[in-house]
Amino acid sequence: MAVISGVGAGVEGVHASVAALDALDAMSVLEREDSYLASGVGVGSGVDVLRRRYEIRLERLELAARLEAQLAAMKARDAAEAIGFQQAMTPPDASVQDRTYAEMSVVEEIAGVLTVSSAAAGALVEQSRKICSLPPVFQALATGAMSWQHARIVADETEGLDPAGTAALVAHFFDPDAPHPARGAAPGELVPSRFRAKIRAWRERHHPETLQKRHAKGVTDRRMEYTPDRDGMAWVSLYLPGDTACAIWNRTTATARGLQGPNEPRTITQRRPDIAASLLLGPASEPGKVPTPRADVLVTVPVFSLLGLTEEPAMLDGLGPIPASTARKLVADGANSFYRILVDPRDGAPLEIGRKNYRLTETIKRWIRMRDAKCTFPGCTNRTPDNDTDHLQAWEHGGTTGASNLAQLCPKHHRLKHHTQWTPDPATEDRSPGWTSPTGRHYKPEHPHPEPTHWPPRILPAEAIVAAMSVDAPQWQQLLAGMPDWADPPPEDPPGENLLEPGELCPTDPLWEDFYAQPFILPPDPLQELGMGSAGITNVLPAPDRLAARPVSNDQY
């Protein structure tokens with residue numbers, strides 16, 4: 001890796017910018033500013049104090065922007081050099097696979113240090129290596145003449161160019177002595193969008209490959225992306241050939257216009273995504289109506305929300321919180337039955353399988369999928385159902401097959417775990433594992449502890465009922481003071497031989513499957529008998545108090 005010149009000048013530029021900011025900050029300190037400006041020292045008599053304050057703020061913003069660019073240059077240099085040092089430490093006879101995983105490990109270390117995702121760290125490393133290999137571009141960034149966003153545009157637009165084409169592009173925009181330099185504003189004086197348009201136009205005119213060849217390469221990168229958003233919403237985007245994307249847009253627009261009418265309350269902007277969803281999810285009863293999805297979707301619904309007694313949000317796997325009404329509709333219209341996680345009836349915890357089985361049941365896989373919500377590697381945001389359920393401590397090294405030794409890992413980080421020194425912590429029944437990097441940095445688990453469910457009005461949680469009925473409560477102390485001292489009742493008859501305690505059953509005993517195969521029947525409403533209406537449920541709820549539901553097909557039973 002070539003180390004470019006001008007690094008020392010970049011550091012000096014940072015110091016100079018910081019010193020200038022300090023000088024301006026001293027001028028705007030509240031206890032000094034009024035007397036300093038009113039005295040006219042350094043600004044002349046009759047100065048407009050408010051205008052001078054305004055100008056100082058603008059000068060500070062300009063200096064801050066320059067400092068951000070200079071710091072971005074230092075960050076880019078350090079990221080590029082970190083990769084270079086790792087490559088130097090790798091044994092010369094290391095295989096291509098070992099070198100690949102060593103570089104992946106460095107990228108993950110950078111992601112952890114900067115608290116960014118793996119994808120963002122990987123993009124930073126690639127852009128930094130490109131920028132640091134182009135001295136004029138790095139120099140403009142290091143001196144604060146342009147922003148990191150401008151430098152990143154250069155890295156993006158030179159991708160796919162051969163060395164000669166890259167050099168010609170950089171010389172055109174950054175070398176005033178080039179044969180045909182760019183005219184007008186310098187790169188850092190253009191807003192990033194205009195700079196990208198200008199540099200892309202030059203790239204298209206001078207690219208050594210035809211557009212047809214470049215388009216063929218772009219087609220191989222087509223993909224669909226899914227991004228969760230707030231308020232129970234999400235984005236789905238497609239990267240497609242331009243003609244295909246244009247046809248999709250035109251068809252949804254034409255269909256949306258065809259649905260216009262006096263009884264149609266939706267705008268055309270709202271009808272477009274409804275039409276696209278109806279086309280993807282299957283035929284609906286009427287055009288533009290979004291059918292209930294019947295794919296394999298896990299929904300964690302608080303039991304009181306499912307009954308309509310509270311409006312506590314449910315959790316949709318891969319998205320996050322969704323309104324209770326949406327969850328009830330999804331369960332009612334999209335699911336033919338409930339899929340319940342196999343849990344300990346005493347406390348609602350998932351059952352450990354122990355060391356009798358290495359292969360995971362679908363029950364445990366879905367429980368881990370709900371607990372972790374995504375790949376548990378630090379910074380990873382992969383939420384796809386294709387993530388692996390991995391043994392944190394390897395089976396061959398004594399690891400068990402249970403919730404405390406299992407976690408979700410995407411295929412990329414699953415391989416990285418087995419080929420590098422990234423080490424996971426043990427998990428718990430309700431918490432994902434933390435991780436320790438090869439350099440000893442520890443990253444805590446990201447998944448928060450679940451909060452207790454909301455109880456309906458006039459219904460006390462079981463803990464509150466027990467506390468109120470405690471013999472230490474004042475009302476019970478007063479009542480017990482006047483009661484006679486009765487003898488203890490005789491012990492009950494021992495249970496029959498045909499009854500078993502849950503703890504005596506092996507977690508893999510077939511009886512558990514028979515137990516959970518029983519239909520889910522809600523207990524009767526005791527308040528209905530008292531003429532109080534269905535205001536809540538006072539019976540003891542079956543553990544757990546949250547149900548995992550997913551749409552399933554009849555042919556699975």
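Predicted model: local features only at pLDDT ≥ 70, side-chain atom pairs only at ≥ 80, totals over all residues.
Let's start with the core. The largest nonpolar core has 36 residues. Which of them touch the most other members? Those are Ile131, Val137, Leu141, Trp148 and Phe174. H3 (49-89), H4 (96-114), H5 (118-132), H6 (135-142), H7 (148-157), H8 (163-174) and H9 (192-206) each give at least two residues. H3 makes the largest contribution, with seven.

Take Phe174 from that list. Leaving out residues up to four places away in sequence, Phe174 touches Pro136, Val137, Ala140, Met146, Val154, Pro187 and Phe195. There is another core too, apart from the largest one. This other core has 11 residues, including Leu409, Cys410, Leu416 and Tyr443.

Next, helix H7. How many of its 10 residues are buried? Seven are, so H7 is mostly covered. The buried ones are Trp148, His150, Ala151, Ile153, Val154, Ala155 and Glu157. What do they pack against? Their partners are H3, H5, H6, H8 and H9. Look at the N-terminal end of H7 as well. Ser147 caps it, with a side-chain oxygen 3.3 Å from the backbone nitrogen of Gln149.

Arg203 sits in helix H9. Is Arg203 buried or exposed? Its relative accessible area is 13%, under the 20% cut-off, so Arg203 counts as buried. Its side chain reaches the backbone oxygen of Glu157 at 2.6 Å. A polar atom of that side chain also lies 3.1 Å from the backbone oxygen of Glu159. Set aside neighbours within four places in sequence, and Arg203 is in contact with Glu157, Glu159, Leu161, Leu169 and Arg214.

On to helix H11, residues 242-258. Its 17 residues should span 24 Å at 1.5 Å a residue. The end C-alpha atoms are 24 Å apart, so the two values agree. Which residues of H11 are buried? They are Thr252, Thr253 and Ala256. These cover an arc of only 100 degrees around the axis, so they lie on the same side of H11. The other side of H11 has exposed residues: Asp243, Arg251, Arg257 and Gly258. What covers the buried residues? Helix H12 (268-281) is included in that cover. Cys246 has 42% relative accessibility, and therefore counts as partly exposed.

How many disulfides does the structure hold? Take Cys380, which is in no disulfide. The nearest cysteine sulfur belongs to Cys375, 3.7 Å away. Why is that not a disulfide? Because the pair would have to lie within 2.5 Å, and the separation is 3.7 Å. Cys380 is also buried, at 7% relative accessible area.

One last stop, Leu309. Leu309 is placed in the loop between helix H13 (303-306) and strand S4 (314-316). Its relative accessible area is 22%, so Leu309 is partly exposed. Now compare sequence and space. Leu309 and Pro457 are 148 residues apart in sequence. C-alpha to C-alpha, Leu309 and Pro457 are 8.4 Å apart.

To recap. The largest nonpolar core holds 36 residues, and H3 gives the largest share. H7 is mostly covered. Arg203 is buried, and its side chain reaches the backbone oxygen of Glu157.

Note on methods:
Residues numbered from 1 in each chain as written. Heavy atoms only, no water. Buried < 20%, exposed > 50% of the residue type's maximum accessible area, 1.4 Å probe, protein only. Core = buried A, V, L, I, M, F, W, Y, C linked by side-chain atoms within 4.5 Å. Helix = DSSP H or I, 4+ residues; strand = E, 2+ residues; numbered from the N terminus. Contact = heavy atoms within 4.5 Å. Polar contact = N/O pair within 3.5 Å; in protein donor to acceptor, adjacent residues only side chain to side chain. Expected span 1.5 Å × (residues − 1). Arc of directions from axis to C-beta.
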